[in-house]
Amino acid sequence: MKRPSTWGKDFPIANGERQSPIDIVTSAAEYDSDVQGSNALSTNYTPESEVKLVNNGHSIMCQITKKGVLTGGPLGKDEYRLEQFHLHWGAEDGRGSEHTVDGKMYASELHLVHWNASKYSSFADAVQKPDGLAVLGIFITPGVACNQFKVISDNCGKLKTSGAEMTVDTTLDPTLLLPSNTSDYWTYLGSLTTPPLFESVTWIVFKEPVEYSKEQLLALRNLVDSDGNHMQDNYRPPAALKQRKVKKTFT
Ligand SMILES: CCCCCCc1ccc(S(N)(=O)=O)cc1
Ligand SMILES: [Zn+2]
């Protein structure tokens, strides 16, 4: 994939009104009490009984096969189905996340991608609809190892080149990839952060980062992309906020 600065030519929506990621200016975010209590954000994931991993040339992706559901919070009454998760990261710890918080970049960002199964028939059908997708963004910071992520990081060596796929014969519970606090998040209307950049994503970015070990981050940086280079810095820089408001669920 060419550099983000070149995307505007082939994907004019790159300069659209609801592009992602954004810099989250915490002082400008508006508290929204409506996303608490009974309609708090809720995940109900079924652990994968085997794990399908793909090096798709610009990230490492886990294709979900079990029924996993995200509801509540900013999603109204709709039920969003977990489709896949993947990550973005830097060449070093000081950069790599797509969203930033008051200009701060994290080392990596995990995206759990869901599609609106209450209104659409498939991910492909939902991917271009304004209320089609919901993505959970989890910031990653260097620290202790994340045990559930070992299923991915321990297999990066076997997924080195673009197009490589494998099925790992182990279970994986996506719930264990989430931060302990899933009540505090920012949410706003945005887009896919890679081409085709469709403006179809309700973003939910958790305030609490998750720790991965140095080794786990290094495993990501040793992957090879579709250009045959080390897969690093596969993050899009923040786009203009334009006429949008970011909501927050905490004071
Ligand atoms: C017509 C096929 C479209 C596939 C779109 C795949 C995709 C999913 C999530 C994200 S992200 N980084 O915004 O979570 C980017 C791209
Ligand atoms: Zn992503």
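The zinc ion (ligand 2) is coordinated at 2.0 Å by NE2 of His86, NE2 of His88 and ND1 of His111; donors are N, O and S atoms within 2.8 Å of the metal (3.2 Å for Na, K and Ca), and water is not among the atoms, so sites may look incomplete. This is a predicted model, in which local features need pLDDT of at least 70, side-chain atom pairs count only at pLDDT 80 or more, and totals for chains, interfaces and linings use all residues. Residues are numbered from 1 along each chain as its sequence is written, ligands are numbered from 1 in the order in which they are written, and side-chain values use heavy atoms, without hydrogens and water.

The arrangement around the zinc ion (ligand 2) is tetrahedral because its four donor atoms subtend angles of 99 to 117°; for four donors, that class requires all angles to lie between 85 and 135 degrees. Along the chain the donors are spaced as H-x1-H-x22-H. His86 and His88 are both buried, meaning under 20% relative accessible area (1.4 Å probe, protein chains only).

The protein has four helices and 15 strands, taken as DSSP runs (H or I, at least four residues; E, at least two). Its radius of gyration is close to the globule-rule value for 251 residues, so the protein is as compact as a globular protein of that length. The radius is taken over C-alpha atoms, and the rule is 2.2 Å times the number of residues to the power 0.38.

| Quantity | Value |
|---|---|
| Radius of gyration of the protein | 17 Å |
| C-alpha box along the principal axes | roughly 45 × 40 × 35 Å |

Of the 251 residues, 52% count as buried.

Key:
Tetrahedral: all angles 85-135°; square planar, octahedral: opposite > 155°, others 65-115°. Buried < 20%, exposed > 50% of the residue type's maximum accessible area, 1.4 Å probe, protein only.
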